[in-house]
Amino acid sequence: TTIDVQQLIAPPDNGGAGLAVAELQIEAAWVWPEQHQWLKQFGETLRARLVAARAAGRADYENMIKAIYTSYLGRLAGTGEGAFKHPYLHHQQPAWYAAIEGFTRWRALRYARRIGRDFDLYPTECLADAWFYRVPDGINPADLQDPLRPDGTRTNGSYRLKSIPDELL
């Protein structure tokens, strides 16, 4: 997808591979004249509802919104039991799924690059866009998160600390 190519030619400091276009050896491509962001309003609406749920302390709403987002995007790949069935086949868009996956991967690599540069820490494992670190004594795990915006929130997709196993505290 376009986002994969952009990530490959982006500089390493931006989570890219730092390759030149010629190094990619792309000989053919499918190009669509339409350049839409079909899911933009869907994402913005869910993000607004998620912010409101967190502000209200409604973990049940937060979990429901996350499940809606995850289940819909997961079905875009169009494979397996979770795929869209008739009459919703027009929602099955493998190219959308691949683009979202590529963007998520790039964002995760950008995050890992910042942590490696700033803390000399590297992930020990990952699962999709969840990256796991073994943080040595002397480093506050909260410092690994993306910084807050001036209004006290994080941008969508910002990496944040979700949990530390009790046995490690």
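**Exercise 1. In which loop is D120 found?**

Some ground rules before the solution. This is a predicted model, in which local features need pLDDT of at least 70 and side-chain atom pairs count only at pLDDT 80 or more, while totals for chains, interfaces and linings use all residues. Residues are numbered from 1 along each chain as its sequence is written, and side-chain values use heavy atoms, with hydrogens and water left out.

Solution. 
- Step 1: D120 is found in the loop between α5 and β1 (125–127). Helices (H or I, at least four residues) and strands (E, at least two) are DSSP runs, numbered from the N terminus.
- Step 2: Check the backbone. D120 is not a glycine, yet its phi is positive, near 55 degrees. Most residues other than glycine have a negative phi.
- Step 3: Check the surface. D120 counts as exposed because its relative accessibility is 59%; exposed means over 50% relative accessible area, buried under 20%, and partly exposed in between (1.4 Å probe, protein chains only).
- Step 4: Q25 lies in the loop between α2 (21–24) and α3 (40–55), has a positive phi of about 50 degrees although it is not a glycine, and is exposed, with a relative accessible area of 64%.

**Exercise 2. Describe the chain as a whole.**

Solution. 
- Step 1: List the elements. The chain has five helices and two strands, and their order from the N terminus is α-α-α-α-α-β-β.
- Step 2: Along the principal axes, the C-alpha atoms fill a box of roughly 50 × 45 × 35 Å.
- Step 3: Look at burial. Of the 169 residues in the chain, 21% are buried.
- Step 4: Look at contacts (heavy atoms within 4.5 Å). Among contacts with a separation of 6 or more, 37% come from residues 24 or more positions apart.

**Exercise 3. Work out how α1 and α5 are arranged.**

Solution. 
- Step 1: Find the axes. Helix α1 (residues 2–9) and helix α5 (residues 94–119) have axes that come within 8 Å and cross at roughly 25 degrees. That makes α1 roughly parallel to α5, a label for angles under 35 degrees, with over 145 roughly antiparallel, 65 to 115 roughly perpendicular and the rest oblique. Axes are lines fitted to C-alpha atoms, for helices over the stretch in contact, and angles run from 0 to 180 degrees between N-to-C directions.
- Step 2: Name the residues. I3, D4, Q6 and Q7 of α1 meet A98, A99, G102, F103, R105, W106 and L109 of α5.

**Exercise 4. Which residues make up the largest nonpolar core?**

Solution. 
- Step 1: Name the members. The eight residues are A108, Y111, A112, I115, L121, Y133, L144 and Y159. A nonpolar core is a set of buried Ala, Val, Leu, Ile, Met, Phe, Trp, Tyr and Cys residues joined through side-chain atoms within 4.5 Å.
- Step 2: Follow Y133. Not counting residues up to four places away in sequence, Y133 touches Y111, A112, I115, L121, Y122, P123 and T124.

**Exercise 5. Is Q145 buried or exposed?**

Solution. 
- Step 1: Q145 sits in the segment after β2 (130–132).
- Step 2: Q145 is buried, with a relative accessible area of 17%.
- Step 3: Leaving aside neighbours within four places in sequence, Q145 is in contact with R114, R154, Y159, R160 and L161.
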